[in-house]
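Hello,

Here is the structure for you to look through. Please open it first, then read my notes below.

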Amino acid sequence: APLQGWSNSKKYSFFAYYPIENDHVTLVNTADGKAYSGGVPAIKYSMSGTDFKESMVDVMVAAPHTNLDGSSSDVTSNDVTFSFNHCLSSLGVNIQNASAGSIEITGVSLALSNIKYSTVIVPLDGTAETPSGSISDQSCDLSLADAEKSIASGTTDHELSDKLILIPQNDENLSVGLTIYYKRTYSNGTVMDGQTFTTSTPLTTKLTKGKKYTIHLKFTDSNTYAMVESGNWETGPNVNHEFN
(Lines give C-alpha, C1' and ligand atoms only; values in the text may rest on other atoms or scores of the structure.)
Protein backbone atom coordinates (compact mmCIF):
# COMPACT_ATOMS: atom_id res chain seq x y z
CA ALA A 1 0.00 0.00 0.00
CA PRO A 2 -0.71 2.32 -1.65
CA LEU A 3 -1.65 0.21 -4.69
CA GLN A 4 1.11 0.32 -7.28
CA GLY A 5 0.71 0.31 -11.05
CA TRP A 6 2.66 -2.00 -13.35
CA SER A 7 5.46 -0.20 -15.20
CA ASN A 8 6.96 -1.85 -18.30
CA SER A 9 10.19 0.03 -17.63
CA LYS A 10 10.75 -1.79 -14.33
CA LYS A 11 11.22 -5.36 -13.17
CA TYR A 12 9.45 -6.86 -10.18
CA SER A 13 10.08 -9.73 -7.75
CA PHE A 14 7.32 -11.45 -5.80
CA PHE A 15 7.82 -13.48 -2.60
CA ALA A 16 5.15 -15.30 -0.62
CA TYR A 17 4.93 -17.15 2.69
CA TYR A 18 2.30 -18.48 5.09
CA PRO A 19 1.06 -17.71 7.69
CA ILE A 20 1.06 -13.97 8.26
CA GLU A 21 0.04 -12.16 11.44
CA ASN A 22 1.28 -15.00 13.66
CA ASP A 23 3.21 -14.59 16.92
CA HIS A 24 5.73 -17.27 15.94
CA VAL A 25 6.35 -16.29 12.29
CA THR A 26 7.94 -12.91 11.60
CA LEU A 27 9.39 -11.24 8.52
CA VAL A 28 13.10 -10.45 8.93
CA ASN A 29 15.90 -9.17 6.73
CA THR A 30 18.94 -10.17 8.74
CA ALA A 31 20.36 -13.27 10.40
CA ASP A 32 23.08 -13.05 13.05
CA GLY A 33 23.55 -9.40 12.16
CA LYS A 34 24.30 -10.08 8.49
CA ALA A 35 22.01 -8.81 5.74
CA TYR A 36 20.92 -11.32 3.12
CA SER A 37 22.46 -10.81 -0.31
CA GLY A 38 20.42 -8.46 -2.45
CA GLY A 39 18.03 -7.68 0.39
CA VAL A 40 16.06 -10.91 -0.10
CA PRO A 41 13.48 -11.09 2.71
CA ALA A 42 13.33 -14.04 5.08
CA ILE A 43 10.94 -15.33 7.72
CA LYS A 44 11.84 -16.42 11.22
CA TYR A 45 9.87 -19.22 12.89
CA SER A 46 10.30 -19.65 16.63
CA MET A 47 8.96 -22.45 18.84
CA SER A 48 8.30 -21.96 22.54
CA GLY A 49 9.63 -24.31 25.19
CA THR A 50 6.91 -23.27 27.61
CA ASP A 51 3.96 -23.44 25.16
CA PHE A 52 5.50 -26.01 22.87
CA LYS A 53 2.46 -27.51 21.13
CA GLU A 54 0.60 -24.18 21.00
CA SER A 55 3.55 -22.60 19.17
CA MET A 56 3.48 -25.14 16.33
CA VAL A 57 2.69 -23.57 12.95
CA ASP A 58 2.59 -25.13 9.47
CA VAL A 59 5.04 -22.77 7.77
CA MET A 60 4.90 -22.74 3.96
CA VAL A 61 6.95 -20.84 1.40
CA ALA A 62 6.37 -20.46 -2.34
CA ALA A 63 9.03 -20.45 -5.03
CA PRO A 64 9.63 -16.77 -5.85
CA HIS A 65 9.03 -15.00 -9.15
CA THR A 66 11.98 -12.69 -9.74
CA ASN A 67 12.76 -9.97 -12.26
CA LEU A 68 9.40 -10.07 -14.01
CA ASP A 69 8.64 -7.50 -16.65
CA GLY A 70 5.63 -6.82 -18.83
CA SER A 71 6.59 -9.57 -21.28
CA SER A 72 7.23 -12.29 -18.67
CA SER A 73 5.76 -15.68 -19.52
CA ASP A 74 5.06 -16.13 -15.79
CA VAL A 75 2.41 -13.44 -15.98
CA THR A 76 -0.90 -14.45 -17.55
CA SER A 77 -4.30 -12.82 -17.12
CA ASN A 78 -2.80 -10.48 -14.51
CA ASP A 79 -2.11 -13.43 -12.16
CA VAL A 80 1.10 -14.48 -10.44
CA THR A 81 0.66 -18.07 -9.25
CA PHE A 82 2.45 -19.25 -6.12
CA SER A 83 2.82 -22.96 -5.37
CA PHE A 84 3.51 -23.46 -1.67
CA ASN A 85 5.70 -26.12 -0.05
CA HIS A 86 6.06 -27.12 3.60
CA CYS A 87 9.21 -25.87 5.36
CA LEU A 88 8.89 -28.07 8.45
CA SER A 89 8.20 -31.72 9.34
CA SER A 90 5.09 -33.27 10.84
CA LEU A 91 4.68 -36.20 13.22
CA GLY A 92 1.40 -38.05 13.70
CA VAL A 93 -0.22 -41.36 14.64
CA ASN A 94 -2.05 -43.93 12.51
CA ILE A 95 -3.91 -46.81 14.20
CA GLN A 96 -4.74 -50.26 12.83
CA ASN A 97 -7.10 -52.63 14.62
CA ALA A 98 -6.36 -56.22 13.62
CA SER A 99 -8.14 -57.66 16.68
CA ALA A 100 -11.56 -59.30 16.63
CA GLY A 101 -13.04 -56.64 18.91
CA SER A 102 -13.27 -52.85 19.01
CA ILE A 103 -10.89 -50.28 20.48
CA GLU A 104 -11.90 -46.94 21.99
CA ILE A 105 -9.06 -44.43 22.34
CA THR A 106 -9.26 -42.12 25.36
CA GLY A 107 -5.88 -40.39 25.08
CA VAL A 108 -2.63 -40.22 23.09
CA SER A 109 0.58 -38.69 24.43
CA LEU A 110 3.97 -38.25 22.72
CA ALA A 111 7.17 -37.71 24.71
CA LEU A 112 9.95 -36.05 22.70
CA SER A 113 13.64 -35.76 23.49
CA ASN A 114 16.72 -34.73 21.49
CA ILE A 115 14.82 -31.81 19.96
CA LYS A 116 17.66 -29.98 18.29
CA TYR A 117 16.22 -26.63 17.16
CA SER A 118 13.84 -23.98 18.44
CA THR A 119 14.25 -21.40 15.65
CA VAL A 120 14.74 -21.42 11.89
CA ILE A 121 15.27 -18.55 9.45
CA VAL A 122 13.94 -19.29 5.96
CA PRO A 123 15.09 -17.01 3.09
CA LEU A 124 12.23 -16.51 0.62
CA ASP A 125 14.45 -17.07 -2.42
CA GLY A 126 14.76 -20.81 -1.70
CA THR A 127 18.32 -20.76 -0.37
CA ALA A 128 19.31 -22.78 2.69
CA GLU A 129 17.54 -22.29 6.00
CA THR A 130 19.42 -21.41 9.19
CA PRO A 131 18.21 -23.39 12.23
CA SER A 132 19.41 -22.58 15.73
CA GLY A 133 18.61 -22.90 19.42
CA SER A 134 17.34 -25.93 21.30
CA ILE A 135 14.32 -27.04 23.32
CA SER A 136 14.15 -29.20 26.44
CA ASP A 137 12.35 -32.55 26.41
CA GLN A 138 8.61 -32.18 25.85
CA SER A 139 5.41 -34.16 26.37
CA CYS A 140 2.45 -33.44 24.08
CA ASP A 141 -1.12 -34.73 24.14
CA LEU A 142 -2.85 -35.11 20.79
CA SER A 143 -6.38 -33.76 20.49
CA LEU A 144 -8.98 -36.39 19.60
CA ALA A 145 -12.20 -35.68 17.72
CA ASP A 146 -15.14 -37.78 18.90
CA ALA A 147 -15.28 -39.60 15.56
CA GLU A 148 -11.61 -40.62 15.92
CA LYS A 149 -11.96 -42.37 19.26
CA SER A 150 -13.80 -45.54 18.18
CA ILE A 151 -11.86 -47.99 16.01
CA ALA A 152 -13.79 -51.00 14.73
CA SER A 153 -12.30 -54.42 14.13
CA GLY A 154 -10.65 -54.67 10.71
CA THR A 155 -9.71 -50.98 10.52
CA THR A 156 -6.44 -50.71 8.59
CA ASP A 157 -6.01 -46.94 8.24
CA HIS A 158 -7.13 -44.63 11.06
CA GLU A 159 -4.91 -41.53 10.99
CA LEU A 160 -5.45 -39.04 13.79
CA SER A 161 -5.97 -35.53 12.49
CA ASP A 162 -3.89 -33.78 15.16
CA LYS A 163 -0.17 -33.60 14.31
CA LEU A 164 3.01 -32.25 15.83
CA ILE A 165 4.96 -29.84 13.62
CA LEU A 166 8.72 -29.64 14.17
CA ILE A 167 11.80 -27.96 12.72
CA PRO A 168 13.73 -30.41 10.47
CA GLN A 169 16.84 -32.01 11.99
CA ASN A 170 18.37 -34.33 9.41
CA ASP A 171 21.59 -35.05 11.27
CA GLU A 172 20.06 -35.93 14.63
CA ASN A 173 17.76 -38.65 15.92
CA LEU A 174 14.57 -37.37 17.47
CA SER A 175 13.48 -39.74 20.24
CA VAL A 176 9.72 -40.35 20.50
CA GLY A 177 7.92 -42.27 23.21
CA LEU A 178 4.23 -43.00 22.65
CA THR A 179 1.61 -43.69 25.31
CA ILE A 180 -1.98 -44.50 24.36
CA TYR A 181 -4.93 -44.90 26.72
CA TYR A 182 -7.81 -47.05 25.53
CA LYS A 183 -10.71 -49.38 26.22
CA ARG A 184 -10.80 -52.78 24.51
CA THR A 185 -14.04 -54.66 23.82
CA TYR A 186 -13.49 -58.30 22.86
CA SER A 187 -15.63 -60.18 20.35
CA ASN A 188 -17.37 -62.06 23.20
CA GLY A 189 -18.46 -58.75 24.78
CA THR A 190 -15.82 -58.65 27.51
CA VAL A 191 -14.73 -55.06 28.21
CA MET A 192 -11.26 -54.11 29.47
CA ASP A 193 -11.33 -50.46 30.47
CA GLY A 194 -8.46 -48.24 31.62
CA GLN A 195 -5.86 -49.90 29.39
CA THR A 196 -2.47 -48.29 28.65
CA PHE A 197 0.18 -49.05 26.05
CA THR A 198 3.62 -47.40 26.16
CA THR A 199 6.47 -48.10 23.78
CA SER A 200 9.07 -50.14 25.67
CA THR A 201 11.91 -48.21 24.02
CA PRO A 202 11.56 -44.80 22.33
CA LEU A 203 11.25 -44.68 18.55
CA THR A 204 13.95 -42.67 16.79
CA THR A 205 13.68 -40.75 13.55
CA LYS A 206 15.20 -37.88 11.64
CA LEU A 207 12.98 -35.01 10.50
CA THR A 208 13.30 -34.10 6.83
CA LYS A 209 11.93 -30.86 5.44
CA GLY A 210 8.48 -31.31 3.90
CA LYS A 211 8.09 -34.91 5.09
CA LYS A 212 5.30 -36.40 7.21
CA TYR A 213 6.38 -38.97 9.79
CA THR A 214 3.77 -41.41 11.03
CA ILE A 215 3.83 -43.69 14.05
CA HIS A 216 1.87 -46.79 13.07
CA LEU A 217 0.17 -48.46 16.01
CA LYS A 218 -1.28 -51.93 15.49
CA PHE A 219 -3.65 -53.65 17.89
CA THR A 220 -4.02 -57.44 17.75
CA ASP A 221 -5.95 -59.74 20.08
CA SER A 222 -2.86 -60.36 22.19
CA ASN A 223 -0.44 -57.51 21.53
CA THR A 224 0.13 -53.91 20.45
CA TYR A 225 2.96 -52.86 18.12
CA ALA A 226 4.42 -49.48 17.11
CA MET A 227 6.75 -48.35 14.32
CA VAL A 228 7.53 -45.05 12.58
CA GLU A 229 7.82 -44.35 8.84
CA SER A 230 8.15 -41.28 6.64
CA GLY A 231 6.08 -40.27 3.62
CA ASN A 232 5.08 -37.31 1.53
CA TRP A 233 3.24 -34.45 3.15
CA GLU A 234 0.37 -33.18 1.05
CA THR A 235 1.36 -30.46 -1.41
CA GLY A 236 0.61 -26.90 -0.42
CA PRO A 237 -2.16 -25.03 -2.25
CA ASN A 238 -1.73 -22.83 -5.32
CA VAL A 239 -2.55 -19.19 -4.66
CA ASN A 240 -3.35 -16.65 -7.39
CA HIS A 241 -2.62 -13.04 -6.56
CA GLU A 242 -3.91 -10.34 -8.86
CA PHE A 243 -2.03 -7.12 -9.46
CA ASN A 244 -2.69 -3.98 -11.49
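**What was found**

Strand β6 (residues 42-46) and strand β12 (residues 119-123) pair in the antiparallel sense over five bridges. Two strands pair if DSSP finds at least two bridges between them. S46 stands opposite T119 in β12. β6 also pairs with strand β3 (residues 25-28), again in the antiparallel sense, over four bridges. There, V25 has Y45 in β6 as its bridge partner.

This is a predicted model, with residues numbered from 1 along each chain as its sequence is written. Local features need pLDDT of at least 70, side-chain atom pairs count only at pLDDT 80 or more, totals for chains, interfaces and linings use all residues, and side-chain values use heavy atoms, with hydrogens and water left out.

**The whole protein**

The secondary structure comes to one helix and 23 strands. Helices (H or I, at least four residues) and strands (E, at least two) are DSSP runs, numbered from the N terminus. Of the 244 residues, 41% are buried, meaning under 20% relative accessible area with a 1.4 Å probe, protein chains only. Take the contacts (heavy atoms within 4.5 Å) with a separation of 6 or more: residues 24 or more positions apart account for 71% of them. The accessible surface comes to about 13000 Å². Carbon and sulfur atoms hold 45% of that surface.

**A buried charge**

E148 is found in helix α1 (residues 146-149). Which side chain of opposite charge is nearest to E148? K163 is, 6.9 Å away. E148 is buried yet has no salt bridge. A salt bridge is a side-chain nitrogen of Lys or Arg within 4 Å of a carboxyl oxygen of Asp or Glu. For charge, Lys and Arg count as positive and Asp and Glu as negative; His and the chain ends are not counted. Leaving aside residues up to four places away in sequence, E148 touches S143, H158, E159, L160 and S161.

**An aromatic pair**

Rings of Phe, Tyr and Trp (its six-membered ring) pair if their centres lie within 6.5 Å; planes under 30 degrees apart count as stacked, over 60 as edge-to-face and the rest as tilted. By this rule the count comes to one aromatic pair. The ring centres of Y182 and F219 are 4.9 Å apart and their planes stand at 65 degrees, so the pair is edge-to-face. The pair links distant parts of the chain, 37 residues apart. Y182 is in strand β18 (residues 169-185), and F219 is in strand β21 (residues 211-219). Y182 counts as buried because its relative accessibility is 7%. F219 counts as buried at 0%.

Best wishes

Conventions: Buried < 20%, exposed > 50% of the residue type's maximum accessible area, 1.4 Å probe, protein only. Areas by Shrake-Rupley, 256 points an atom, 1.4 Å probe, with all protein chains shown as cover.
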